[in-house]
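Trainee: I would like to learn how to read the packing of helices in a model such as this one. Could we go through it feature by feature?

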Amino acid sequence: MSLYVAAFQTVAELYKKHGYEHEAMQLFTDLRMFDDAQALMHSTTGETQKSLIRKRANWARDSNEPRLAAEMFIASGDYEKAVNLLIEYDWIDVAIIMMGKLDRNDKDLFLKLGDYLTSKKEYGMATSIYTQLNEMKRLVHMHINANNWNDVNIFHHS
């Protein structure tokens, strides 16, 4: 077995030496040899590193390790997949982490997080998101649906 591993490493190094980084990475990731791919790719571009993390995250998700996958999606900047996993597995703690990672330009993901938090009755965090995005209509609807009449009256008198 170690003879095959050595052969794969030699082939991957040749790929990389001749400018075929992606093929070298693909060789190891297809074999689920992520540590070897990581070792070979340590000096590659940031995008190649992110691609490797995404492949590993997809593998973790498919191998029924969704929390590891979510963490890897976050590390690779693939926030949409991370948000979908955190909602699917009901991880409020990961939702809080995501709130700090997202850029204001990720409005759709922020709104998805806000709606998720609202469904979990995490009104304070949802309020923070809706206020940041100036989504007053969603904010008022959230308070009405939660029977937070004092908060609704504040908006009425503003």
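Mentor: Let us begin with one crossing, keeping in mind that this is a predicted model: helix 7 passes helix 8 in a left-handed crossing.

Trainee: What angle and what axis separation go with the packing of helix 7 and helix 8?

Mentor: Two packed helices are described by the angle between their axes and by the distance between those axes. Here helix 7, which covers residues 92–101, and helix 8, which covers residues 107–119, pack at an angle of about 145°, with their axes 11 Å apart.

Trainee: Which residues of helix 7 and helix 8 meet?

Mentor: From helix 7 come Ile-92, Ala-95, Met-98 and Met-99, and they meet Phe-110, Leu-113, Tyr-116 and Leu-117 in helix 8. Sorted by class, this contact has eight nonpolar residues, with no polar and no charged ones.

Trainee: How should I read the pair formed by helix 5 and helix 6, and what are its angle and axis separation?

Mentor: Helix 5, residues 66–76, packs with helix 6 at an angle of about 150°, and their axes are 8 Å apart. That angle makes helix 5 roughly antiparallel to helix 6, a description that applies to angles over 145 degrees. The crossing of helix 5 and helix 6 is left-handed. On the side of helix 5 the contact is made by Pro-66, Ala-69, Ala-70, Phe-73 and Ile-74, and on the side of helix 6 by Tyr-79, Lys-81, Ala-82 and Leu-85. By class, this contact of helix 5 with helix 6 has eight nonpolar residues, no polar ones and one charged one.

Trainee: Which residues of helix 6 are buried?

Mentor: In helix 6, residues 79–88, the buried residues are Tyr-79, Ala-82, Val-83, Leu-85 and Leu-86. Seen down the axis of helix 6, these buried residues fall within an arc of 165°, so they line one face of the helix.

Trainee: Where do helix 9 and helix 10 stand, in terms of angle and distance?

Mentor: The axes of helix 9, residues 123–132, and helix 10, residues 136–145, come within 8 Å and cross at roughly 160°. Helix 9 and helix 10 are therefore roughly antiparallel to each other, and their crossing is left-handed. Tyr-123, Ala-126, Thr-127, Tyr-130 and Thr-131 in helix 9 meet Met-136, Arg-138, Leu-139, Met-142 and His-143 in helix 10. By class, the contact of helix 9 with helix 10 has six nonpolar, three polar and one charged residues.

Note on methods: Residues numbered from 1 in each chain as written. Predicted model: local features only at pLDDT ≥ 70, side-chain atom pairs only at ≥ 80, totals over all residues. Heavy atoms only, no water. Axes fitted to C-alpha atoms, helices over the stretch in contact; angles between N-to-C directions. Helix = DSSP H or I, 4+ residues; strand = E, 2+ residues; numbered from the N terminus. Left-handed = near helix turned anticlockwise from the far one by under 90°. Contact = heavy atoms within 4.5 Å. Nonpolar A, V, L, I, M, F, W, Y, C, P; charged D, E, K, R; others polar. Buried < 20%, exposed > 50% of the residue type's maximum accessible area, 1.4 Å probe, protein only. Arc of directions from axis to C-beta. Parallel < 35°, antiparallel > 145°, perpendicular 65-115°, else oblique.
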